[in-house]
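Please work through the following exercises on secondary structure, helix packing and salt bridges. Each task is followed by a solution in steps.

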Amino acid sequence: MEIFSVRSSQSLLFKNNPNNAKSSKTSDIEIETRAVAPASFQIEDEVGEGPDFTAVSPGELRNYARQSFDSGLIDQNTYAAISEPLPMHAIDPLGNVIDLSSVTDGTSFNFLDYYKSQLQVAMSIGDANEVQTLKSIVNFLDG
């Protein structure tokens, strides 16, 4: 015994019934190809209209980075580095440990200063790949 859903069996009966074929209004349906879907992400072209990266939440930074990546302003490596969650602790250029455990998606944080200090640390260590990525992040945030 086969079990069909009520919806599919009714539609099969509707399509197969010759009396219903005449009353079907599928020939009246038109597809408009001129309609333009609104863009879901837009970045303002005006200078200085970006968020203040000295007081932005990690979630807002990721959203802005995603918009910038989608529009081609930043590359994939920069976007990936910005999208990574912050570590629980980091080291500043003077060797002090910075506690970042209180920074959540909803709290404001100074990402510009953070990435500038991480760039200085990476330059002192000599990690060329990390330096290149952090330079592109700082350039994006300093913008």
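The conventions come before the exercises.

The model is predicted, so local features require pLDDT of at least 70 and side-chain atom pairs count only at pLDDT 80 or more, while totals for chains, interfaces and linings use all residues. Residues are numbered from 1 along each chain as its sequence is written, and side-chain values use heavy atoms, with hydrogens and water left out.

**Exercise 1. Overall architecture**

Task: State how many helices and strands the chain has, and the order in which the elements run.

Solution. Step 1: Helices (H or I, at least four residues) and strands (E, at least two) are taken as DSSP runs, numbered from the N terminus. Step 2: On this basis the chain has six helices and two strands. Step 3: Read from the N terminus, the order is α-α-α-α-β-β-α-α. Step 4: Of the 143 residues in the chain, 25% are buried, where buried means under 20% relative accessible area, exposed over 50% and partly exposed in between (1.4 Å probe, protein chains only). Step 5: Of the contacts (heavy atoms within 4.5 Å) between residues at least 6 apart in sequence, 56% join residues at least 24 apart.

**Exercise 2. The packing of α5 and α6**

Task: Determine how the axes of α5 and α6 cross, and which residues meet.

Solution. Step 1: Axes are lines fitted to C-alpha atoms, for helices over the stretch in contact, with angles from 0 to 180 degrees between N-to-C directions. Step 2: The axes of α5 (residues 111-125) and α6 (residues 128-142) come within 9 Å and cross at roughly 155 degrees. Step 3: Angles under 35 degrees count as roughly parallel, over 145 as roughly antiparallel, 65 to 115 as roughly perpendicular and the rest as oblique; α5 and α6 are therefore roughly antiparallel to each other. Step 4: From α5, the residues F111, L112, Y115, K116, Q118, L119, A122 and M123 meet E130, V131, L134, K135, I137, V138, L141 and D142 of α6. Step 5: The residues of this contact comprise 11 nonpolar, one polar and four charged, with Ala, Val, Leu, Ile, Met, Phe, Trp, Tyr, Cys and Pro counted as nonpolar, Asp, Glu, Lys and Arg as charged, and the others, Gly among them, as polar.

**Exercise 3. The setting of Q118**

Task: Is Q118 buried or exposed, and which residues does Q118 touch?

Solution. Step 1: Q118 is placed in helix α5. Step 2: Its relative accessible area is 14%, so Q118 is buried. Step 3: Leaving aside residues up to four places away in sequence, Q118 touches A90, I91 and L134.

**Exercise 4. Salt bridges**

Task: Identify the salt bridges and locate their partners.

Solution. Step 1: A salt bridge is a side-chain nitrogen of Lys or Arg within 4 Å of a carboxyl oxygen of Asp or Glu; the structure holds three. Step 2: R62 pairs with D105, the closest N and O atoms being 2.7 Å apart. R62 lies in helix α3 (residues 58-70) and D105 in the loop between β2 (97-99) and α5, 43 residues apart. Step 3: D70 pairs with R66, the closest N and O atoms being 3.3 Å apart. D70 and R66 are four residues apart in helix α3, and therefore about one helical turn separates them. Step 4: D142 pairs with K116, at 3.8 Å between the closest N and O atoms. D142 lies in α6 and K116 in α5, so this pair ties together parts 26 residues apart in sequence. Step 5: D142 is partly exposed at 46% relative accessible area, and K116 is partly exposed at 32%.
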